[in-house]
Each structure stands twice: as C-alpha cells, then as structure tokens.
Amino acid sequence: MTSLVGDLFLRGMRRGGAEILDFDMSAKNVADCRGCFACSAGFGRRGVCAIRDDMAEALDFLDGADALVCLTPVYFYSMSAQMKRFFDRCFPFVRGYRFDPESGRMLNETGFLKKRKKFVAISVASGRLDDVFDALSRTYRMVADAMGFEFAADIARGESAYFAMRELGSVRVRRVLSAFEASGEIFARAGEIPADRLEAMRMPLSRGRESFAKNARVFWQLRRNGTPFESFSMVSDPRILLREMCATLDPSRAPERADFKFVFPDKGWACLVSVRSGECSFVESADAGARADVAVTADSEDWAGVMAARRDVSALMRAGRLKVEGDLSLFAAMKKIFGLGGDRRVGGV
Ligand SMILES: Cc1cc2nc3c(=O)[nH]c(=O)nc-3n(C[C@H](O)[C@H](O)[C@H](O)COP(=O)(O)O)c2cc1C
C-alpha cells in the first residue's frame, strides 16, 4: 500500500515537471552506517562516506535537489529500518554543530552547499488513529531540523487495508488516491501542498472503530493466507467471507438454533453455517442442504456485495443472481442476525 500511494505522488510530481531519482532502499545495496565519522569533513564541505555502495548516487542527487520525499510504512510506530538506514547514511551532509541561542539547543550544520531542501514525509500504517503516527511525526520533525530541511508536509495515511480490498473500493478511497496524485503535481509546481489536499490525503475511511476492526480482521486473514495483492479480495476465499459473517453475529437477535446453507457456484464450494445458542460456526459440506432452514445460492462477489450493503438483495433475486430456498422470513432476518448492512456492515466506507 505504501508504494501504491507513493507511486501516485511521484506520478503527480513528474506531471508537474519534476526530475526524480526514485531511490528504492529495498532494491539498492546500501549498508548500515558504521559510525566511523570518516565523513565528518568539517565546515563548508560535504564529507565522503567510507562505505562505497549505491548510497553515493542518492547523496549526489540529494545535494542538488530541491526536495526530499520520504515514503515508509509505519513499523512499530516508527519508520522502516531501510528508511532509518537512509537517514543514517546522510551523515556526510552533517558538517558540525552550533549553538542556537533562540531555541537554546545544539543544531547540526548541514553541508547542502547547492540548495536548501523541502521535505515531504509520507507514512502508511494499517492503524487508524493519530497516535499510530505521533512518534514518527515527531522523529521526522527532529530529523528535518537536524538536516536543515524545510518541512513541507507530513502525510500520515492510516487504514491501509482499505486500499487493498476491492469490496471496500469506495468513492472515498478513490478520492484519497487521486489526492495523492494531485498533491504530487502541486508540490512539484509550487513547492507546497494546500491544506485541503492534505486533508484529502488523510481522509478517514472507516465509519468507526467497529467497522474498522472488522475490515482489519479480513485484511490480516488474507495476508496470512498468502493471497497475492493483485487478487486481494474477500471474494477470493469464501471461507473468509463466512468467517466474517459469523464474527458479526448478534447473539441478542439470533434464534436459538438455525442452519443456513451457502452455495457459491463461482467457487464450486458449499457449506453449512450453524447458529446454536448465540454461537456461530460453519463447515464445508456439499450435501448440507438437507439440514438447512435456508439455502442461499449466489456468486461470492454478489454475496460480498450484500454483506457490504452495496448490492440490493431484491434486485439480485429478480435478476436470478441470488436464489433463496426454505424459510424466507429467516432469510429476511439475516440482515439483523448477522449485522449485514447498516452500521455494522462490512466495509463501512
Ligand atoms: C514489522 C511490522 C510492524 C508494524 N507496525 C505497525 C504499527 O506500529 N502500527 C500500525 O498501524 N501498523 C503497523 N504495521 C502494519 C503496516 O503499517 C501496514 O501493513 C502497512 O500497510 C505496511 O505497508 P505496506 O502495505 O506497503 O506493506 C506493521 C507491519 C509490520 C510488518
């Protein structure tokens, strides 16, 4: 997800006329800083790192650049190890220290002899609340200060799961993604990003804690299953769909005992979902029909749409895409029993 928003931002910057060195730390050969201070060249000069590797290319480009845009996933409330290594290896730019009477602090003197630089930080996390980014934002401010960068934007993008799951691909997600591209272009042209664009990139995607938690569970389940990102979808595995449905069972509205058969013809897969005394479970079973009170037949994508309240049940039935046999009043009650749609819907976006 980090590269998704990052690539859009860079695409926008290119459209805005920027010449870019896209320096992907995970694809480059860049060793850890050894802390040998051999690069400490003294006032007025840029030091030369004792380590000879791909970092030299980044340092040369950065020296003459107008801006540094850093992109990282949030790992344990901080930047990735690769990003940290990048900053450590920027030490040749640090040429000494001076006392700043205004702040009462020691500040680095940096050796960017050619140009002063703007700094944009883009951080992507699965978490939803501001505290996920607090420590990293503070670190970035200190780093920018230490390196003599002018902080242009701190873009904290949470809820990364929403960018991966097709069922949740809402208008808001598209707005956020296009805001990244537009902001890159504006930044390349104007050197700053207006407040409304910053807001658009940070726009919350979940309705609340409950729907966020629900979607996050599905996301992690998909990752654990090793589902490739291209086909990242609840629909790719109907077991996840039903596990999610069971997890949203409202015991106060569930009957003491009920059995639901689900057939997903697109997956060639059927199962029996059983509700017993407020508990829900399901078993894979091709011949579950005999015991079921209700039998539902639909393609998994359509059923995911029903769960997310984005497909209309009556319209699907009229079109012959959703078939229901058995106790129709129990089927109608499923909306409440399993919290389908409304506030408790999957994909509260
Ligand atoms: C080692 C590791 C640590 C993580 N730590 C956090 C964290 O502190 N807070 C958070 O919200 N997400 C955390 N995450 C989730 C990532 O921020 C999330 O998966 C993000 O989307 C990663 O970017 P990617 O989608 O480009 O891989 C962590 C993930 C990993 C692998």
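**Second largest pocket**

I looked up which elements line the second largest pocket of this predicted model: H4, E5 and helix H6 (195-202) each supply at least two residues of the lining. I noted a volume of about 320 Å³ for this pocket. Its lining has 15 residues, and Arg128, Asp130, Phe133, Ala156 and Arg202 lie nearest the centre. Sorted by class, I have eight charged, five nonpolar and two polar residues for this lining.

**Cavity**

The search of the whole structure gave me one cavity of 30 Å³ or more. I recorded about 110 Å³ of space in the largest cavity. I listed 14 lining residues for the largest cavity, with Cys33, Arg34, Cys36, Cys39 and Cys49 the closest to its centre. The classes here are ten nonpolar, three charged and one polar.

**Serine 160**

Where does serine 160 sit? I found serine 160 in the loop between strand E5 (150-157) and helix H5 (171-190). Is serine 160 buried or exposed? Its relative accessibility is 7%, and because the cut-off for buried is under 20%, I count serine 160 as buried. Leaving out residues up to four places away in sequence, I noted that serine 160 touches Met1, Val124, Ala125 and Ser126.

**Helix H3**

For helix H3 (residues 81-88) I wrote down Met83, Arg85, Phe86 and Phe87 as the buried residues.

**Strand E6**

I looked next at strand E6 (residues 257-264). Six of the eight residues of E6 are buried, so I describe this strand as largely enclosed by the rest of the structure.

Which strands pair with E6, and in what sense? With strand E7 (residues 269-276), E6 pairs in the antiparallel sense, over eight bridges. In this pairing I found aspartate 259 opposite serine 274 of E7. The hairpin of E6 and E7 has four residues between the strands, and I noted that glycine 268 takes a positive phi near 60° there.

With strand E9 (residues 294-298), E6 pairs in the parallel sense, over four bridges.

Technical notes
Residues are numbered from 1 along each chain as its sequence is written. This is a predicted model: local features need pLDDT of at least 70, side-chain atom pairs count only at pLDDT 80 or more; totals for chains, interfaces and linings use all residues. Side-chain values use heavy atoms; hydrogens and water are left out. On a 1 Å grid over the protein atoms alone, a cavity is a set of points where a 1.4 Å probe fits but cannot get out, and a pocket is an open set with protein on both sides within 12 Å along at least five of seven lines; lining residues have an atom within 4 Å of a point. Grid points are joined across faces, edges and corners, and a volume is the space filled by probe spheres set on the points. Ala, Val, Leu, Ile, Met, Phe, Trp, Tyr, Cys and Pro count as nonpolar, Asp, Glu, Lys and Arg as charged, and the others, Gly among them, as polar. Buried means under 20% relative accessible area, exposed over 50%, partly exposed in between (1.4 Å probe, protein chains only). Contact means heavy atoms within 4.5 Å. Two strands pair if DSSP finds at least two bridges between them.
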